[in-house]
Amino acid sequence: MSSFCKPSDRAEHLPLWSSSVMSKCHKCVYIGLSLIPVLETDLKKCFLISVGDRDADEKYHIFVRHRYNDCVELLLENTSHEVFQVKEAALCTLMKFAAAEGKHPLQKQEWSEHFNFPIELILAVVRCLLSETEDMALLISRFQEFLEMDDVRYYVMSSIRDNIAKIMDKNKQFVNPFENCLDLKHGMTLSSYFHRLIQEHRRAFEQMWLTFLKYKLPGGMYKKVLVILHDTIMPHMSDPTLMIDFLTAAYDVGGAVSLLALNGLFVLIHKHNLDYPDFYKKLYNLLDPSVFHVKYKARFFHLANIFLSSSHLPVYLVAAFVKRLSRLALTAPPTALLIVLPFVYNLIRRHPSCRVLIHRPSAADELCSDPYLMDEEDPTKCHALESSLWELQTLQKHYNPDVSKAAKAINEPLSRQEQDISELLELNNFELMERDLKSQVQSVPLEFDPASGLLQSTREVLGVHFSLE
Amino acid sequence: MGKPPKKRSLADKVRKTKTSTQIKNNPFEVKINRKKFDVLGQKSKHDVGLPGVSRSKAINKRKNTLLKEFRLKNKANKFVDRRFGEYDTKMAPEDKILKRFTMERQRSQTKKDLYNLNEEEELTHYGQSLAEMEKMTDMVDSDSDSEEKGLLSAELTAAHFGGGGLLRMKTGEDGDYEEKPRSRQEIIEELILKSKQEKRERQTQKEESQELTEKLDQEWRSVQSLLAHKTPKSERKDEPDKPKMDDYDVMVRELGFEMKARPSEKLKTPEEVAREERERLQKLEADRLRRMLGEESTSKKPSHMSADDLNDGFILDTDDRKTLSYQDGQWNVDGGEEEEGEKNEEDEDDGGEEENEEGDGGDDDDDADDDEDAEDEDDHSDLDSEQGSGAEDEEGDEDKEEEAAPAKAALSEEERRAVQQAAKEELPYTFKAPESFSDLKELLLGHSVEQQRLIVERIQKCNHPSLAVGNKAKLEKLFGFLLEYVGKLATQSPPELSTINTLIPQVYSLCQLFPASACKVMQTLLSDGGHSMEEAVEVKGRAAFPGLDMLIYLKIAALLFPTSDFRHPVTTPAFLYISQALTKCPVSSLESVSAGLVLCCLAVEFVSLSKRFIPELINFLLGLLHLAVPADTCKDYCVVSPFRQQGKASKLLLLCDTESSSSWSRKPIPLTSVHRVTASTDLQRDHHRLSVLDACLDLVKRCATLYRDLPSYDQIFQPIRTLLTNHLPVQSYPPALQELQREILEAIPETPSQHSPLVFDKKKPIALKMLQPKIVEVLDYGKKRGNTKEEKERERLKHKYKKEFKGALRELRKDTRFLAQAKLSDIMSRDAERKRKVKELYGSLATQEGEWKALKRKKRK
């Protein structure tokens, strides 16, 4: 009897402890851990006892049961505590409770012997995790390890699906719930056991995502979803074609979102026989100056390279792409130019009839203005094939030696071999800088014009507009 | 055992007696090396060998070296010949002997000349004997005294100190005068007598000559007094009559000098000219080569060429001065500029009609238009002929401003200058080179601007690399510290840009001294900046504009290194850094606008010679102008990366009040606005905006002229054109800006220009395969593998090494053999000696025995 008293005493004093945060945290854990054996040994008993006859022992069990419920409530509250350690401890304890409950169900279950999962507890935990006010990213990443277990994952998925509707309806202006939701789901897909998912799991997963994507997402969220869509979500869905609506809608949004939607669309077109009308026209219209400045330019060019790799594309289309890309290159930074120029050359190599763009001996002496229409949306009508790539000739005077060299390739017939652009895709500005910084030079040329002051050189521009003061 | 060496030595003897021709003709000496093949035209050194000769030579050599060493082995004592120059092989033997002789003489001189009777050293001065000179001046008596002393010394010693052996000897001499054993003493006596006599004779002679010379002197004096009257007259006549008198001399001298001088002058100037020419050509060549490396070979850029030409021609003069004297050169330049400034001032004072446009514009606000015109003119002249004029004018303006204050001060109180001078002089003249940045900071902090410059200059002078070994490293470090200091000055809350400005010449000269290390320092600065920006971009997707320090580093990079190079270890990364900043840093405030504008100015400056195309620059200028557009949505052009078509910062440069443009006047924006725009009121803000727009439009105009030759000129400038024509509220701007806008629109044609379509470069026809033999250079005959020159060289060296190795091995073997023989012969001789001695002993014993027996027998008998 005395052995039971200790934990129960502590449980009794539970609400009184609120001194320091850290001690609370530690106590939480301690209590949790000390309660677990009690659960294992005694709680089971207390349900066997009928309600009628209550001796001291029974009363004690009922008392313990109440304390247990209090404790769970308190822990659920603590999952939104401001100190992460407390949160973490609370979550872990809750999950331990869940495990214990699973082993020793609180209710009698003659009616179903195999089904003894503490659904309510998980539901409550998930609700806490999908908090509307806080960013739970860290806690969710901690939660990952529990998701490794198939049953936990399954019930978490289904409870998320149930929760989404409530959360989405309630607050559309907040980002936090979306973030948490996304994090949680993303975490789900990361688990390594996913490959042996049974059909039920797939269906739950699909349901969860579809309900989530039904709602109008904020811009940043859109991008986040699209970034992970093609390699973490779609492979695990039982029927990826259900994503078509979502993707086509995203593709029509324009800008970076469209660029990202391309990836999912590509998977659908490539693997699931999606027929997308005017795909190339839309792709053509996606090309605007911002293409070279967005973060996803590597991904875009990777995909564009794949889309335009077909040798069955009409010449006018390829020429339109080539011309448009080179026109846009006039506003591009050097890192993008180092992708675009080989890209353009590869296109011309694949479609030799496009060579007239860089070599038109038939009309070598006739002067003409550029017939290409930049504003024309239809690649068939933009007269790209009648033009020449004067833009690349302009870029031969680019300040960056690498770009300038690359642009000079059009002075001579292009080589047969295509250039691999995959290693250029991730090139950033600093790497480009390092090429010159790291190279060993024997002699450093110097300015022979002596400097007498900060703003006094022979070609002063800065000093014209600015003064030292 | 001992036979063969004996034989050999005999042979050697024989050989030594014979001449070389005899040996060569002796068939027993000559060994003919048989050749396997006869190669025509091959000269072989080794077809005939003289084994005997070479062997004896080798043995002799060993005897002199190896054997000696062997004998001295394990012996601590050493024989050292300490005669003068014994081991000096460079001296000729005659010299050695001479030197030894003189040294011996000297040694004898140092000893007391007690018994040195006959030999008297004659001391000379300038070839005249000192004794005679003394006689000329001194009286004869003193000399005789001295001589007496010298004479008496022997006798005196005898008399005063008892004479010792000498006296006795003398007495002895007297006693046995005619005895034979005494003859030597006698001879000595005679000698002494003779020498005394001789001396006396000499003395009398001298006295006579003395008297004679004195007489002569007296006579001469009497005559001289007569002459003295004449000579002054003649001299007086000479002075005016010099051409008459020295006609011939003068002619001769003139001719001589002219003949010498003329060619030297003539030679000098062509030399200088040639040097200048050569340097200029070298530079041009190098530049061109570098550009050609990457660029098209049809370098039809006349502007480029001409600009370079003018620059070089113009600058090299000053450059020469620089290289002659770094420090002083700058002084000179400063002085020159000051002079210019003074001239300008004078001009203004005098008439000011010509200068009105340039000079007064800066001071008086009314003449804004005139000023602008003047500047425009400058710009054109810039492009047409030289950049020098424009820049100089600007410099002049600045100088004037700078000059104005000191001039006033100088006029008011010259004492202050004196005090300043004194204060300057208080600075120590030598400084230790700083070991760390904090050292430098300690040195410089608390001093005035001018003093700081002086300190740095003195550090540089005191630690010039030619003075000590470690100075190079110290000064190289100093460059890094200086740049760090510059960065610190720029990041201070009120940036001390004037200090930086005065430190620039020092930085420049240091850079000229150590280009490689300067390049390293600059590179690390750039890479640090670029790296931090890249990190910020990766984390946040955007980055803050670089601070004033980084902007100043970029500017310094442009001052120190050529920006027109196709590829340069410093300026190419600098370009990339500017590009990165112009694309990744969002413009959200007036400060960032200023920073962006500074970067744009730098970018234009960087490409003003090479005319390279910077897309980011055009984008950024368009974006900046877009900030001044009131309309929300402009569909007919689009801005890129750091700018947004619409957003909260999209009307940053829109004027609050259009009226404020009437009170605006053109003046430069302070660089400090990169950190903080000081304007507090709306009016001031508007003025700042207008200044920014003015700078922006001017940059656009510069770009429009720079990129005129690009084939896609229209496409590049089309967005700016539409923005300027349709959207920018030019009407509300001051007339100067309107004028600028009009000029830009004139520069950008509305109708697209015409180009011929692209065609590949014509390739050279591929030459037919020639059937001429391939000629391979043969360095050494014999079997040599390897195709390339390096391989052949390697093979040759390998072969040589092998040969040398074998030779060394052989020599070593011979050495050991020789030593073994030497040891053996030692042992043999020792044994022989012992045997001989034993035999002798036995013999003596036997004779003794025999004698003893014989005696015995006698006795018996």
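**Close-up 1. The second largest cavity of the predicted model.** About 120 Å³ of space lies in the second largest cavity of this structure, which is a predicted model. Its lining is made up of 13 residues, and those that lie nearest the centre of the cavity are A:E447, A:S457, A:R459, B:A558 and B:L559. Two elements of chain B, α21 (548-560) and α23 (590-607), are the ones that give two or more residues to this lining. In the model as a whole, the count of cavities of 30 Å³ or more comes to 12.

**Close-up 2. The largest nonpolar core.** The largest nonpolar core holds 254 residues, and those with the most contacts inside it are A:L226, A:L247, A:F301, B:I556, B:F561, B:Y707 and B:F717. Helix α23 of chain B gives the most to this core, with 13 residues. Another core, of 5 residues, lies apart from it and includes B:I59, B:L67, B:F818 and B:A822.

**Close-up 3. The surroundings of A:F301.** When its neighbours within four places in sequence are left aside, A:F301 is in contact with A:V291, A:F292, A:L325, A:I339, A:V340, A:F343 and A:L425.

**Close-up 4. B:V486 in its helix.** B:V486 has its place in helix α18 of chain B, which covers residues 471-491, and this residue counts as buried because its relative accessibility is 1%. Not counting residues up to four places away in sequence, B:V486 touches B:I500, B:I552, B:Y553 and B:I556. Between B:V486 and B:L503, which are 17 residues apart in sequence, the C-alpha to C-alpha distance is 8.4 Å.

How values were computed: Residues numbered from 1 in each chain as written. Chains lettered and ligands numbered in written order. Predicted model: local features only at pLDDT ≥ 70, side-chain atom pairs only at ≥ 80, totals over all residues. Heavy atoms only, no water. 1 Å grid on protein atoms, 1.4 Å probe; cavity = no way out; pocket = protein on both sides within 12 Å on 5 of 7 lines; lining within 4 Å. Points joined across faces, edges and corners; volume = space filled by probe spheres on them. Helix = DSSP H or I, 4+ residues; strand = E, 2+ residues; numbered from the N terminus. Core = buried A, V, L, I, M, F, W, Y, C linked by side-chain atoms within 4.5 Å. Buried < 20%, exposed > 50% of the residue type's maximum accessible area, 1.4 Å probe, protein only. Contact = heavy atoms within 4.5 Å.
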